[in-house]
Amino acid sequence: MSAQIKPPDAVTAKTAVPETKDLVVGVADVNYYFGQGEGRKQVLYSNNLSLYSGEIIIMTGPSGSGKTTLLTLIGALRGLQEGSLKVFGNELAGLGPAEQEKIRRNIGFIFQAHNLLDSLTAYQNVKLVTELIDYSPSEADRRTVDILTRLGMQERLLYKPQKLSGGQRQRVAIGRALVNRPRLILADEPTAALDKETGRQVVDLLRNLAKNEGCTILIVTHDNRILDVADRIVTMVDGYVASDVDVNESLTIVQFLKKCPVFETFSPTLLADVANKMQREIHPPGAVIIQQGDEGDKFYIIRQGTVEVLKETIGKADLVATLEAGAFFGELALLRKEPRAATVRTLEEVELLTLSKEIFIDVVQKSASFEEQLRKVYFAR
Ligand SMILES: Nc1ncnc2c1ncn2[C@@H]1O[C@H](COP(=O)(O)OP(=O)(O)OP(=O)(O)O)[C@@H](O)[C@H]1O
Ligand SMILES: [Mg+2]
């Protein structure tokens, strides 16, 4: 098989746009300060965060890093001071108390300190919030009983908070947050007071809401037993979002990296670090990604699509391989400091993950057994 190779001018790289999901929360350049005058202290620094419909986001980070402050700003529970914050498309900056209250009606809050009314039963505590919505009495009753039953509280509908354990009170508070099926749920340590089994029931319920009803759920937690529900893990450090990882995408990239001999012996931590450093490029069909004879400048993994690898000799080009999603190329020229040994061209629209030469060499050298891996690379090809 042979093919004529076009010059490498067809390459247009751009950043991938996530599939269309509704933006539910948009935080842009948000700062926040506590105190006045001399005692004024900044606790949030230039925060940016976008939350989409149907996502479960776990937010974690050291105590005092600003998680609760950011969560209460998103929930319109405190006024925005600097920056922009949009919830359901409404800008929160400059809103008065009445408008903030309207926003809050569409949000379900679950807090560590669950302010239940002591004079009311579990059933009444939950039913109370259904009055914010125009349900018929029978619908309000049905929803209240249904949510408390799903939380395992069906035997305790008529108990008042004093007669309930901490975990049971927390479940009533969760029922209250969920009964109106809000589109956004903000939860601060929702499982902290719960035993393992109840904690699991709660996160499963939250997961169902997110997946079946497109509800967005932000959970602040230190509980690593519930990490499996997260679509994204956001980490706050010293008042800002220090990392924001799309968990499934990151897992996919790590699996791809592990197949490459260079990264085979890397620890999960190091692999996740490499995955985080990868850039995304989209190329149209027929684009030349690598030109034989050029100097190597990047390492590539195919995220989606197919490419052909061609060896050029005078006047013709032979197809030597077709590579699909998960395959990698481009490492040899970087490791051997030799020109590109073949040309790589896209056969359809292709999404690539790339590491620059500098980062690639840097991460590979960080690994304990760089030489050993280099030998494997020579051996494998
Ligand atoms: N009402 C307040 N007045 C003054 N400072 C405050 C107030 N609330 C919080 N802070 C300070 O703001 C910073 C962020 O606090 P925040 O409660 O948001 O942290 P957090 O990440 O939720 O911590 P934790 O994991 O312990 O709940 C901390 O330094 C805290 O001391
Ligand atoms: Mg907190």
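Biologist: How many helices and strands does the secondary structure of the protein chain come to?

Modeller: This is a predicted model, where local features need pLDDT of at least 70, side-chain atom pairs count only at pLDDT 80 or more, and totals for chains, interfaces and linings use all residues. Residues are numbered from 1 along each chain as its sequence is written, while chains are lettered from A and ligands numbered from 1 in the order in which they are written. Taking DSSP runs from the N terminus (helices H or I, at least four residues; strands E, at least two), the chain comes to 11 helices and 18 strands.

Biologist: What radius of gyration does the protein chain have?

Modeller: The C-alpha trace spans about 90 × 50 × 40 Å along its principal axes. A compact globule of 381 residues would come out near 21 Å (the rule is 2.2 Å times the number of residues to the power 0.38, with the radius taken over C-alpha atoms). The chain itself has 26 Å.

Biologist: Which residues have the most contacts inside the largest nonpolar core?

Modeller: A residue is buried with 20 or more other C-beta atoms within 10 Å, exposed with 12 or fewer and partly exposed in between; a core joins buried Ala, Val, Leu, Ile, Met, Phe, Trp, Tyr and Cys residues through C-beta atoms within 7 Å. L186 is in contact with L71, I74, G75, I107, F109 and L218, leaving aside neighbours within four places in sequence. A second, separate core of 34 residues includes A275 and L310. In the largest core, with 58 residues, the most contacts belong to I74, I185, L186, I217 and L218.

Biologist: What is phi of R181 near?

Modeller: R181 is found in the loop between helix 5 (166-178) and strand 7 (184-188). R181 is partly exposed, because 13 other C-beta atoms lie within 10 Å. Most residues other than glycine have a negative phi. For R181, phi is positive, near 45°.

Biologist: Does K337 count as buried or exposed?

Modeller: K337 is in the loop between helix 9 (331-336) and strand 17 (343-346), and its phi is also positive, near 55°. K337 has 11 C-beta neighbours inside 10 Å, so it counts as exposed.

Key. Contact = placed C-beta atoms within 7 Å.
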